[in-house]
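My notes follow as numbered points.

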Amino acid sequence: MAAAVAATTSSDINSMSTSSTKRSAVPSLSFFKDWTYVPAPESSDHIHLKDQYGLFINGEFVRPHSKRYFDTINPATEKKIAEIADADEKDVDAAVTAAANASAKIWKRMPGKERSKYIYRIARMIQERAREFAVIETMDGGKPIRESRDVDVPLAANHFFYYAGWADKLDYAFPNRRPQPLGVAGQIIPWNFPLLMAAWKIAPALACGNTVVLKPAETTSLTALKLAEIIQESGLPAGVVNIVTGFGKTGAAIVNHPGVNKVAFTGSTDVGKIIQKAIAGTGKKATLELGGKAANIVFDDAPIDQAVEGIVNGIFFNQGHVCCAGSRLLVQEGVAEIVIRKLKDRMETLIVGDPMDKNTDIGAINSKEQLKKINEYISIGVNEGAELYQSSCTLPSKGFFCKPTLFLNTSQSHRLVQEEIFGPVLAVQTFRTVEEAIEKANNIPYGLSAGIWTDKGSKIFNMTSKMRAGVVWANTYNKFDPTSPFGGYKESGYGREGGLHGLLPYVQW
Ligand code: ADP
C-alpha cells in the first residue's frame with residue numbers, strides 16, 4: 001500500500017480529489033493522511049566532513065586569530081556536526097589583504113577567457129560532488145534533501161556555468177562602456193540557501209574580475225567551506241576567494257573594512273539598514289537583498305488545483321525559509337471557500353520530519369531561535385484574532401519543527417500580514433476586484449516577489465505593471481534561473497542578482 005502511494009504524484013492525488021463535481025464519490029486528500037510512506041533516507045556514508053574547520057584565507061585553511069570555534073549543529077537532531085572558526089577583525093583584515101593582493105597582481109589583469117575557465121571548473125566540480133553537497137546542506141540547514149538535491153545544488157552549479165560564460169563577453173554585456181572590476185567584494189549571506197547564495201555572490205564577482213571575501217551564516221557554514229575545498233582543488237589563484245566564518249561581528253568587520261570596495265548582502269532588513277548606515281559616505285557600492293512578504297493572488301478564473309500546489313510550494317516546502325516565500329494568500333471571494341478547503345486537505349498530506357528522508361516535504365526549522373520567533377508569531381496571530389489552522393501531523397520529538405500553519409480572517413493591519421515570519425505560516429485574506437488585490441498586495445513595507453494565478457494573460461500583464469515587487473510569477477511560484485534577475489523594491493532592498501543585471505553591481509566604467 002505504501003509503495004503504491006509513494007508512486008502517486010501530488011498532481012495525481014489532486015486530480016483524484018477534485019476532478020469530479022460529485023465530491024462524495026472521490027476520496028478527499030485527507031483520506032491519504034493515514035497512509036504511511038516507507039522511509040527513504042538518503043545515506044550520508046559518502047560525505048567527508050572534518051571535526052573542525054579553519055578559515056579559508058589566501059588559498060589555505062588557517063586557524064582563527066582568536067583561536068575560538070563554535071559548534072554547527074544538525075537542527076533535525078540537535079547533534080553537533082563540526083566546529084567552525086570564529087573570525088575576528090584581524091582575520092577579516094588578513095582575508096581582505098589577500099583579496100586585494102590577488103586582485104592587483106593577478107585576477108583583474110587576467111584575460112576574461114582565462115577567468116572563465118576557472119569559474120567553469122568550479123561549476124563542474126560542484127556537479128561532480130553534487131550528492132555530497134546536497135547531504136551536507138540538508139544536515140547543516142534542515143531543509144528536505146529533495147530541495148537541496150533538486151534545487152539548491154544544481155542551481156548553484158548553473159550560476160557558476162552561467163557567469164563563466166559572461167567573463168570574456170563583458171564588452172558585449174555593456175557595449176561601448178569598457179567595464180572594469182571594482183576590486184574586493186565583501187559578501188555576507190544568510191542561512192536559507194547557503195551554497196546557492198554563495199554561488200549567487202561569488203560567480204558574478206569573479207566573472208567581472210573582482211576578488212572576494214565571503215561570510216556564510218553562523219548556522220550554515222559547512223557548504224561554503226566545502227566550496228572552499230573545491231576552490232582550492234580547482235587551482236584558482238590564492239586570495240581570489242576567501243571564506244571567513246563567524247557571527248554578525250565578523251560580518252560587520254567585512255562591511256567596515258576600508259579595503260572592501262563593494263558590499264553584497266542577503267539577509268534581514270534590520271541588518272541591511274545597519275549596513276546601509278555603515279557604508280554611507282564611504283563610496284562603497286552595495287547590493288542588498290532583504291526581507292519579503294509576498295502575496296500569492298488567486299483569481300476566480302485560476303486553475304485551482306495548480307494554484308493550491310503553488311501556494312503550498314510557495315510557503316510550506318522549505319519551511320517558509322525563503323525571502324520570496326508566498327507568505328500571504330489573497331484569494332478572490334468567489335473561490336475562497338474551495339481554495340481554502342483544498343489547501344487544508346493538501347496540508348494534511350504534507351510530511352513534516354526527517355529532512356534526510358526523500359519523502360519529506362517540510363524539514364527542520366534552521367535553529368532554535370528561529371523556531372521561537374515563528375512560535376511567537378503564531379501566538380501574535382491568535383491574539384490578533386485571526387483563525388488558526390494547523391495540519392494534524394505529529395512532529396518529531398527531537399529537533400526544531402513546526403507544523404504547516406494557516407491563519408484565516410486576517411486583515412491588512414495585522415502583524416501577520418505586515419511582518420516577515422520566515423516560517424511555514426500563511427496569512428489568508430480575500431478580495432473582490434483587481435484594484436483591491438493590487439492595493440492589498442502592495443500595501444506592506446516589502447516588495448520582493450508575488451504570484452498571480454488566473455487564466456487571463458491580459459490580467460497578468462495589467463497586474464504585473466502595477467505590482468511593486470521585483471519578481472512576479474504567473475501561474476507558478478518560486479521558479480529560479482541564473483539568467484533571470486532577482487531583487488526587490490522598498491524594504492526588500494536594491495540591486496539585482498542573476499542574469500545580465502547581476503553583472504552590473506560588480507563593474508565600474
Ligand atoms: P537572518 O534573520 O536571515 O538570520 P541576518 O540579517 O541576521 O538574517 O543574517 C544574515 C547574515 O548577516 C549572516 O551571515 C549574519 O551573520 C550576518 N550579520 C548579522 N549581523 C550583521 C551585521 N551587523 N553586519 C554584517 N553582517 C551581519
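1. Is glutamate 132 buried or exposed? Glutamate 132 counts as buried, with a relative accessibility of 9%. Please keep in mind that this is a predicted model.

2. Glutamate 132 pairs with lysine 226 through a salt bridge, 3.3 Å from N to O. The two sit in distant parts of the chain, 94 residues apart: glutamate 132 belongs to helix H5 (residues 130-141) and lysine 226 to helix H9. Lysine 226 is also buried, at a relative accessible area of 2%, so it falls under the 20% cut-off.

3. Helix H9 (residues 222-234) also carries glutamate 229, which is 179 residues away from lysine 50 in the loop between helix H2 (10-18) and strand S1 (52-53). Glutamate 229 is buried at 14%, whereas lysine 50 is partly exposed at 34%.

4. The two pairs above belong together: salt bridges with shared partners join Lys50, Arg129, Glu132, Lys226, Glu229 and Glu233 into one network.

5. Do look at lysine 273 and glutamate 491 as well, whose side chains meet in a salt bridge at 3.4 Å, N to O. Lysine 273 lies in helix H11 (residues 269-279), and glutamate 491 in the loop between strand S20 (489-490) and strand S21 (493-494), 218 residues apart. Lysine 273 is partly exposed at 38% relative accessibility, and glutamate 491 is partly exposed at 31%.

6. For the overall count, a search of the whole structure gives 27 salt bridges.

Conventions
Residues are numbered from 1 along each chain as its sequence is written. This is a predicted model: local features need pLDDT of at least 70, side-chain atom pairs count only at pLDDT 80 or more; totals for chains, interfaces and linings use all residues. Side-chain values use heavy atoms; hydrogens and water are left out. A salt bridge is a side-chain nitrogen of Lys or Arg within 4 Å of a carboxyl oxygen of Asp or Glu. Helices (H or I, at least four residues) and strands (E, at least two) are DSSP runs, numbered from the N terminus. Buried means under 20% relative accessible area, exposed over 50%, partly exposed in between (1.4 Å probe, protein chains only).
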